[in-house]
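Subject: Structure for your files, with notes

Hello,

Here is the structure I said I would pass on. My notes come after it.

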Amino acid sequence: MGEKPETPIRFGIIGCAKIAGKVARAINLAPSSVLYAIGSRSIEKAKQFASANGVHESVKIYGSYDQVLDDPFVDAVYMPLPTSLHLHWAVMAARRKKHVLIEKPTALDVTELEQILEACESNGVQFMDGSMWLHHPRTVKMKEMLFDSNHLGDVNYIYSTTTTSVSPEFLENDIRVKADMDALGALGDIGWYCLGAILWAKNYQLPTLVTALPDVSKNSNGVILSCSASIQYGEPAETVAIIQCSFFSSTSMDLAITGSRGSLNLRDFIIPYQESSASFEFTLGAKFLQLHIGWNVKPQKVVVASELPQEALMVQEFARLVHGIRTSASHPDPKWPDISRKTQMLLDAVKKSVDFGCKPVYFLGL
């Protein structure tokens, strides 16, 4: 991508989860950022991460998270930590004037997230969660078509699923099934994307009613391993959405949106099949032929090229906002905290419905 600018945004990574390798690569691919420091709970683990991910020898290696936050040259931190640690370390980062890019789910509940967001706001630092797919140019193109009245029309139905078949070792040892580490389980880890997609398709309008479906599966620690939910807008329903997330089914990342005039479908909405381009299908004015022996139209395939991987585009946007705050004294962009807050609120509602035996949860006054 050519040389970096003279003053790129210097990122520190705290926590060496697998996803951190992907984001470390993205930081170096993005034109206005550079990986400056890595911190883990031990210097040995940080060094192992650096070696495994080909980290340049100039990158600082620290044996604690605090050392990264105390480094005066770190502008922003990326946090791929267990959800139970987000509140403490995100608040600590904000108080040290570090901008916060944090993995999803953002917190264990919206009360914790509000504390993180308040710390970011009061210290003038940017907050963003790691929902990479929102930054892909395909997502931008779909949004244009979705809110063009000549295309989909009024959105009536949304279906989003994220599933993956995990190993027995994962179900036994991964932090995402540990109640003290990532208590939201599959709902937080992969359901976050489904819920985010519903909100995205409704232009971040919160729903009226959320009801978990009675197919919930939990482990012995009470952590959700699989669940589905119905999400309703309006009474009577103007839009109905269904989400499904599971650690037991073959890999799927489906998003289907049906409106009064057309429909939009894709099978890889979270991680595109390839980095350089991504596609979706769009159908307008579909009807059955006489005798119902076929359709009058076939789906149109829309292909959208991407110069950078979506995670690098996410880092690029985050760095752009941080650069604006640093050089122009502009305020943090409230768009991204608001998206995270609403996604967390919707996740909390699904979790509440699950915990109360799949009873409906109302968003009163919304």
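The notes below take the domains, their interface, the backbone and the salt bridges in turn.

This is a predicted model, in which local features need pLDDT of at least 70 and side-chain atom pairs count only at pLDDT 80 or more, while totals for chains, interfaces and linings use all residues. Residues are numbered from 1 along each chain as its sequence is written, and side-chain values use heavy atoms, with hydrogens and water left out.

Domains

There are two domains: domain 1 comprises 9-131 + 310-330, and domain 2 comprises 134-309 + 344-362. The bounds come from an automatic or database domain assignment. Between the C-alpha centres of domain 1 and domain 2 the distance is 27 Å. Contact between them (heavy atoms within 4.5 Å) involves 25 residues of domain 1 and 24 residues of domain 2.

An unreviewed UniProt entry annotates residues 9-128 as "domain: Gfo/Idh/MocA-like oxidoreductase N-terminal". Positions from UniProt are given in the numbering used here, feature names are shortened, and annotations may be inferred rather than shown by experiment. In the model, this span is 42% helix and 22% strand, with its end C-alpha atoms 15 Å apart. Helices (H or I, at least four residues) and strands (E, at least two) are DSSP runs, numbered from the N terminus.

Interface

Domain 1 and domain 2 bury about 2100 Å² between them, and 58% of that is on carbon and sulfur atoms. Buried area here is the accessible area (1.4 Å probe) that two parts lose on being put together, summed over both. On the domain 1 side, Lys104, Ser131 and Gln310 lose the most area to domain 2, together 31% of what that side buries.

The interface has 16 residue pairs in polar contact, both residues at pLDDT 80 or more. A polar contact is a pair of N or O atoms within 3.5 Å; within protein, one must be able to donate a hydrogen and the other to accept it, and residues adjacent in sequence count only if both atoms are side-chain atoms. Helix H1 (18-29), helix H5 (110-122), strand S6 (127-129) and helix H10 (310-328) each give two or more residues to the side of domain 1 that touches domain 2. H10 gives the most, with seven residues. By type, that side has twelve nonpolar, six polar and seven charged residues.

Backbone

The peptide bond between Lys104 and Pro105 is cis, with omega about -5°; Pro105 is in the loop between strand S5 (99-102) and H5. Another cis bond runs from Glu235 to Pro236, with omega near 0°, and Pro236 sits in the loop between strand S10 (224-233) and strand S11 (239-246).

Asn203 is not a glycine but has a positive phi of about 55°; its loop joins helix H9 (191-201) and strand S8 (209-212). Cys358 also has a positive phi, near 65°, in the loop between helix H11 (335-355) and strand S16 (361-362).

Salt bridges

The whole structure has 18 salt bridges, each being a side-chain nitrogen of Lys or Arg within 4 Å of a carboxyl oxygen of Asp or Glu. Arg341 and Glu114 form one of them, at 3.0 Å from N to O. Arg341 is in helix H11 and Glu114 in helix H5, 227 residues apart. Across the interface of domain 1 and domain 2 there are two salt bridges. Lys104 pairs with Asp189 in a salt bridge whose closest N and O atoms are 3.6 Å apart.

Regards

Definitions and conventions. Ala, Val, Leu, Ile, Met, Phe, Trp, Tyr, Cys and Pro count as nonpolar, Asp, Glu, Lys and Arg as charged, and the others, Gly among them, as polar.
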